[in-house]
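Please look at the sequence and the model before reading on.

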Amino acid sequence: MASNEVNMAVGKVSGMFFHAPLTAETTFPAYPGDTLGSEWKEVGFISEEGPTLTPFGSTEKIKAWSKEIVRQFQSEQGKVKATIISTTEESLKTVFGDAISTTPANSDHGKLVEADFSKGPTSTREAFLFVSEDGDDSMMLLCESGIVSEIEDVSFAPTGALAWGITIEGDWKFVKDDGQKA
């Protein structure tokens with residue numbers, strides 16, 4: 001097998017995972033290499049496993065009396081699971097959305113970032129983007145409207161990074177630029 005047939009989806013060194021608010025000004029990339037608008041913010045590092053895509057979520061099948069499937073529809077959106085291993089204001093905004101508040105730095109402390117878990121899961125819909133490369137090939141997973149629907153347990157172990165495992169449900173699409181230009 002030629003090396004250009006192997007797509008290992010190795011994340012870019014910087015700027016692998018982004019999020020953006022959903023506003024009229026939000027612009028979406030058409031290609032993995034597009035320059036992102038200023039509304040897109042880098043989330044931080046993702047664990048070495050990378051994101052995992054479940055493209056379609058759940059589908060419901062309608063069968064005729066003959067047991068033949070005559071129609072099917074998607075009852076749940078696709079999902080991407082990823083583990084963020086950066087604990088920054090931007091990564092916490094991604095995980096907890098509208099449950100984040102900040103207090104400016106003063107002479108007693110630096111800038112404080114607080115996640116208020118009493119508010120429950122976020123209701124903030126956002127755009128999400130994962131970008132990766134394999135040689136000359138670039139790939140992206142893009143969600144133009146999604147929500148963090150699950151947050152895994154977080155271990156505050158004395159070794160290793162804090163790991164924020166999330167599931168994002170939304171209208172995911174995959175785009176690959178195979179590096180061959182006309």
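Val70 lies in strand S6, which spans residues 69–74; strands (E, at least two residues) and helices (H or I, at least four) are DSSP runs numbered from the N terminus. Val70 counts as exposed because its relative accessibility is 52%, where exposed means over 50%, buried under 20% and partly exposed in between (1.4 Å probe, protein chains only).

Together with Ile62 and Phe73, Val70 makes a nonpolar surface patch of about 250 Å². Such a patch consists of residues with over 30% relative accessible area and no salt bridge, with nonpolar side chains (Val, Leu, Ile, Met, Phe, Trp, Tyr) joined within 5 Å. A salt bridge places a side-chain nitrogen of Lys or Arg within 4 Å of a carboxyl oxygen of Asp or Glu.

## Basis of the model

The model is predicted: local features need pLDDT of at least 70, side-chain atom pairs count only at pLDDT 80 or more, and totals for chains, interfaces and linings use all residues. Residues are numbered from 1 along each chain as its sequence is written, and side-chain values use heavy atoms, leaving out hydrogens and water.

## Ser47 in its loop

Ser47 sits in the loop between strand S3 (41–42) and strand S4 (52–54). Ser47 is buried, because its relative accessible area is 11%. Beyond its neighbours within four places in sequence, Ser47 is in contact (heavy atoms within 4.5 Å) with Thr83 and Ile85.

## The chain overall

The protein chain has one helix and 12 strands. Of its 182 residues, 31% count as buried.

Methods. Patch = residues over 30% accessible without salt bridge, like charges linked within 9 Å, V, L, I, M, F, W, Y side chains within 5 Å. Areas by Shrake-Rupley, 256 points an atom, 1.4 Å probe, with all protein chains shown as cover.
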